[in-house]
Structure formats: C-alpha cells, structure tokens
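The stops below are given in the order in which to select them.

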Amino acid sequence: MSYVSEEQILKLKASLPASLGFAIKMARKRKNLTQTELAELTLKDRQYIYKIEKGKVTPNIVTIGVIANALDISISKLLEDL
C-alpha cells in the first residue's frame with residue numbers, strides 16, 4: 001500500500017481544479033456553446049460556470065456529471081486528460 005504525501009495532496013489541490021475547468025471549457029467550445037448556454041443547460045449560474053472554467057471553484061461529482069451530460073460526453077471522457 002502506498003500513502004499519498006501532503007505535498008502530493010497540495011499539488012493536486014492546486015492543479016486539478018484548473019485542469020478540470022480547462023477540460024470543461026474545451027468541451028463547451030467544441031459544442032459551440034457559450035458559458036450562458038451551458039449554464040442554462042445545467043440549471044447553473046453563468047458566473048458559476050465561469051468560476052469552474054477558471055479553476056476558482058471545484059464542482060462536486062454530481063455537477064461534473066450534469067455538465068458532462070449537457071456536453072454530450074461521458075464523465076470519464078471529460079476527465080481522461082487530467
């Protein structure tokens with residue numbers, strides 16, 4: 001069994017939100033959707049979508065699923081390059 005160090009956890013906390021946000025942004029752009037349109041499809045606020053894409057907030061797994069569904073991709077596809 002391998003333990004995760006505090007340093008590894010801090011690195012993940014710093015990099016994952018930005019990487020996830022970028023992946024969502026690229027998927028949104030491939031669908032030719034604006035942030036406002038994605039917000040409407042997901043019943044979220046446009047500012048919240050903006051903050052996710054900028055890595056300022058980290059959505060929970062349900063929200064990630066809702067976003068993936070709105071973008072017509074699987075969660076695994078959305079997360080595959082993280």
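Buried means under 20% relative accessible area, exposed means over 50%, and partly exposed lies in between (1.4 Å probe, protein chains only). This is a predicted model, in which local features need pLDDT of at least 70 and side-chain atom pairs count only at pLDDT 80 or more, while totals for chains, interfaces and linings use all residues. Residues are numbered from 1 along each chain as its sequence is written, and side-chain values use heavy atoms, with hydrogens and water left out.

**Stop 1**

Select Glu53, which is found in helix α3. Helices here are DSSP runs (H or I, at least four residues), numbered from the N terminus. Is Glu53 buried or exposed? Glu53 counts as buried, at 7% relative accessibility.

The side chains of Arg28 and Glu53 form a salt bridge, with 2.6 Å from N to O. Arg28 belongs to helix α1 (residues 6-30) and Glu53 to helix α3 (residues 46-53), so this pair ties together parts that are 25 residues apart in sequence. The term salt bridge requires a side-chain nitrogen of Lys or Arg within 4 Å of a carboxyl oxygen of Asp or Glu. Arg28 is buried too, with a relative accessible area of 6%.

Contact means heavy atoms within 4.5 Å.

**Stop 2: the rest of α3**

Select Ile49, Ile52 and Glu53, which are buried in α3. They span an arc of only 95° around the axis, which puts them on the same side of α3. The arc is that of the directions from the helix axis to the C-beta atoms. The buried residues of α3 pack against α1, α2 and α4.

Go to the N-terminal end of α3, which is capped by Asp45: one of its side-chain oxygens lies 2.9 Å from the backbone nitrogen of Gln47. Just after α3, select Gly55, which has a positive phi of about 75°.

**Stop 3: helix α2**

Which residues of α2 are buried? Select Gln35, Leu38, Ala39 and Thr42. Viewed down the axis of α2, these buried residues fall within an arc of 105°, so they line one face of the helix. An α-helix has 3.6 residues a turn, so residues three or four places apart point the same way. The packing partners of the buried residues of α2 are α1, α3 and α4.

**Stop 4: two loop residues with positive phi**

Most residues other than glycine have a negative phi. Select Leu43, in the loop between α2 and α3. Leu43 is not a glycine, yet its phi is positive, at about 60°. At 80% relative accessibility, Leu43 counts as exposed.

Then select Asn32, in the loop between α1 and α2. Asn32 also has a positive phi, of about 55°, although it is not a glycine. Asn32 is exposed, with a relative accessible area of 68%.

**Stop 5: other salt bridges**

How many salt bridges are there? The count comes to 4. Select Lys31 and Asp72, whose side chains meet in one of them at 2.8 Å, N to O. Lys31 lies in the loop between α1 and α2 (35-42) and Asp72 in the loop between α4 (61-70) and α5 (75-79), so the pair ties together parts that are 41 residues apart in sequence. Lys31 is partly exposed, at 35% relative accessibility, and Asp72 is exposed, at 58%.

Lys77 and Glu80 form another, at 2.9 Å, N to O. Lys77 is partly exposed, with a relative accessible area of 48%.

**Stop 6: a nonpolar patch**

Finish with Ile61, Val62, Val66 and Ile75, which form a nonpolar patch on the surface with about 330 Å² of accessible area together. Patches are made of residues with over 30% relative accessible area and no salt bridge; like charges are joined within 9 Å, and nonpolar side chains (Val, Leu, Ile, Met, Phe, Trp, Tyr) within 5 Å. Accessible areas come from the Shrake-Rupley method with a 1.4 Å probe; for residues, only the protein chains shown count as cover. Helix α4 gives the most to the patch, with 3 residues. Ile61 lies in α4 and is exposed, with a relative accessible area of 55%.

Key. Polar contact = N/O pair within 3.5 Å; in protein donor to acceptor, adjacent residues only side chain to side chain.
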